[in-house]
Structures are given as structure tokens and as C-alpha cells.
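The entries below follow the order in which I looked things up.

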Amino acid sequence: MDVEPFSLPLSRPLETAAGAIESREGFLVEVTIDGVDGVGEATPLPGWTEPPEVCGRALRDIEQPRTALEGDELADAPAARHGVTLAVLDAAARAAGQPLYRYLGAPEHRESVPVNATVGDGPPAETASAAENAVNEGYPAVKLKVGVRPPAADIDRIEAVRRRCPDVELRVDANGAWSGETALEIVPRLAALGVAVVEQPLSAEELAGHAELRGRGVAIAVDEGLLEHSPRAVLAAEAADILVCKPMALGGIDRARDVVETARAEGIDALVTTTIDGAIARAGAVHLAASVPEIRACGLATAGLLASDIRDGIATVEGGSVPVSQGKGNIPPR
Ligand SMILES: O=C(O)CCC(=O)c1ccccc1C(=O)O
Ligand SMILES: [Mg+2]
């Protein structure tokens, strides 16, 4: 197994309530299984996965990728496990002569996956312009980062977006910024502005608080909470209408697919997003989303946030959706 570090600066920082994301450092993972090559990507994000040093060490310690996965050697390193899993699945899908999404179990051909635009914190006019551009480009949904400013200032931003984009599906992601009290005040105002989804309004520990916010006119999506607890615990606490599945943080596209299926079996929806991964992990997440019937718009429109990428022209947005690669495996070989 080969492990190669990379560093990808963002074209500009993504401002969130949990801090700004400025660049992404990770590792390309290359395997050969029964003579077939596979490529994966491990792109840890502190706060969401193991730290980069731990990820790199875990990857370099691996002698046999399949044995490492079978022995659950990467249980404490979700990004490393993601990279190895994606490489192994890529090789397996290639060997089977199938695009990755079909190999993962998609019941039928799938041309593309709908995606939401991702708009970081910024002043109202800037936020509204970014949202309007996204609508003009054909995005079916726009997600705004909130919680950096006081609630009243976020409401101003959302109102500015609504004026310019009367019909788009609006989502907001607070990354855990609000107290229960603030959220109980703000959620009805979001509902009045036609916001469809609020992602992680309360801190990751909160389960009962999220459960209490449901049924107030805005779907409650849990993201960080899935990692703090477990997807099972979030479902058992009835804390979410939607689970936000990040394969890098959940330890691989296989694990993330299990979470999506488990949620849906209980009548809870799920969507796929990334930690702003490089092209290979982003493409893997697109295959995962494509393997799930009728998935709602996913947070996979992040290629444009990167100033450079490990591969160009892979899993990029065209008119509000990302085309699904129909060749063998994850992405075409170089
Ligand atoms: O979901 C999206 O639209 C893009 C991805 C995103 O918002 C994100 C990116 C990196 C780390 C955390 C998050 C998040 O969803 O909170
Ligand atoms: Mg989120």
C-alpha cells in the first residue's frame, strides 16, 4: 500500500460557527488487490476525525489493507479507515467491471446527484449575492452557515437571501452554535422564512434538545451529534429528521451507507456531505449518494471551494447536480 501526503488550500476560507476552514491536508492511498489498482483518500479534519499525524501514522503502519479492515485495526482513525476502504472498494468495483455506485448496491442507473450550494458566513448583501448566483446556476438548494453572528444578524442575512431567492430550498447550518433557548426562539422565525432544514442547531452532546426542536416547521438535521453519540443513539433519541452523513468522519463510505440505510429503515431521512474532501473522496461520496434511491440534495458542491485539487474535473457541479462517473470504479484512472 502506498501513502502520499497532499495539501489543498481553499480558494477562500469557509467561515463557520466552529471556526474557519482554510486548507485540507490528507493522504492518497494506493492499493493493488489481485492485480487490480485502487485509489483512496484520507483527509482528516481536526474536530471531526483523528488529527492528521495520527491518520498518517495509522496508514503507514498498515501492511495488508484488507487484513487491516477485517481486523478493525483502524477503529480509532475514521479518516484513515475511509482512505483504505475507498481504495479497496475502488479496486473491487474495477475488478467487478462496475461503477462504484452500482458495486455499492444502487438498484438502477443514476446520471447525477442533486447538490446544495454551500455559503459561508458573510454580510447580508454578500450572502444574498452568493445565494442568488447559486440559484442562477441551477442549484435546487442553498445551505447558509449561521451562528457566527448573533441570531438577529443571521435573521437579517436569511431575509436578504429570501428577498432575492423567493423559491429556493433554504437550509442553515449552525454547527452547534445555539443554546436551547436561542434555538426555541429562532426556529419559528426560520419556519416563517421558509427555511426547510436547520443543521446542528445545538451542540453535539444535545440529544433531548434536538428532539424538542422537531415538529416546529423546520426539519432538524444532526451532523456533529452523529459522531459525539452514535447514529443509533441519535435515532433512538428521536433527535433528528435528517442524518447528515460524512463518510470521512464516519469511517468510510461503507459505514456511511449503513447509516443512511439504518435511518431510512426507521423513516428518518439522510443526506451525504463531505468535510470538504479532495476529488477522490468527494467522488466516493457522490457514488455513495448515487447508490441511495431518491436522495435529497447533498452537500457535495465543494469542488469549487478548493483552489487546487488532487485531480481536476472530478465530481464538479453542473447545473445544480454532480454527474456520476459511469466508468469502472470510483473515477477514471489517470
Ligand atoms: O454540507 C455542505 O454543504 C458542505 C460541507 C460542510 O458544510 C462542512 C464542511 C466541513 C466541515 C463541516 C461541514 C458541516 O456540514 O458542518
Ligand atoms: Mg454540518
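**Domains.** I began with the division of the chain, which in this predicted model runs as domain 1 (2–98) and domain 2 (112–323). I then looked up the spacing of the two, and their C-alpha centres lie 23 Å apart. The contact between them takes 30 residues from domain 1 and 39 residues from domain 2. I also checked the UniProt record, an unreviewed entry, which places "domain: Mandelate racemase/muconate lactonizing enzyme C-terminal" at residues 124–220. Over that stretch I find 48% helix and 18% strand, with the end C-alpha atoms 24 Å apart.

**Nonpolar cores.** Next I asked which residues have the most contacts inside the largest nonpolar core. That core has 92 residues, and the ones I noted for their contacts are Val113, Val142, Leu144, Ile158, Leu190, Leu243 and Leu300. Helix H13 (residues 279–290) gives the most to this core, with eight residues, and at least three residues come from each of domain 1 (2–98) and domain 2 (112–323).

**Largest pocket.** I looked up the volume of the largest pocket, which is about 540 Å³. Its lining consists of 22 residues, with Arg12, Thr118, Val119, Ala130 and Leu305 lying nearest its centre. Strand E1 (2–16), strand E5 (116–119) and helix H5 (124–137) each supply at least two residues of this lining, and the largest share, six residues, comes from H5.

Which residues does the UniProt annotation "binding site" cover? The unreviewed entry lists Asp173, Glu199 and Asp223. They span 51 residues in sequence, yet no two of their C-alpha atoms are more than 9.3 Å apart, so I take them as gathered at one spot. I then checked the second largest pocket, and its lining includes Asp173, Glu199 and Asp223.

I went on to Asp173, which lies in strand E7 (residues 169–173). Is Asp173 buried or exposed? Asp173 counts as buried because its relative accessibility is 0%, and the cut-off for buried is under 20%. Not counting residues up to four places away in sequence, Asp173 touches Lys143, Leu144, Lys145, Val146, Glu199, Gln200 and Asp223.

Glu199 lies in strand E8 (residues 195–199), and at 5% relative accessibility Glu199 counts as buried. With its neighbours within four places in sequence left aside, I find Glu199 in contact with Lys143, Val172, Asp173, Ala174, Asn175, Ala221, Asp223, Val244 and Lys246.

**A buried arginine.** My last entry concerns Arg257, which I found in helix H12 (residues 253–265). Arg257 counts as buried because its relative accessibility is 12%. Setting aside residues up to four places away in sequence, I recorded that Arg257 touches Leu104, Gly105, Ala106, Leu288 and Ser291.

How values were computed:
Residues are numbered from 1 along each chain as its sequence is written. Chains are lettered from A and ligands numbered from 1 in the order in which they are written. This is a predicted model: local features need pLDDT of at least 70, side-chain atom pairs count only at pLDDT 80 or more; totals for chains, interfaces and linings use all residues. Side-chain values use heavy atoms; hydrogens and water are left out. UniProt positions are given in the numbering used here, feature names are shortened, and annotations may be inferred rather than shown by experiment. Helices (H or I, at least four residues) and strands (E, at least two) are DSSP runs, numbered from the N terminus. A nonpolar core is a set of buried Ala, Val, Leu, Ile, Met, Phe, Trp, Tyr and Cys residues joined through side-chain atoms within 4.5 Å. Buried means under 20% relative accessible area, exposed over 50%, partly exposed in between (1.4 Å probe, protein chains only). Domain bounds come from an automatic or database domain assignment. On a 1 Å grid over the protein atoms alone, a cavity is a set of points where a 1.4 Å probe fits but cannot get out, and a pocket is an open set with protein on both sides within 12 Å along at least five of seven lines; lining residues have an atom within 4 Å of a point. Grid points are joined across faces, edges and corners, and a volume is the space filled by probe spheres set on the points. Contact means heavy atoms within 4.5 Å.
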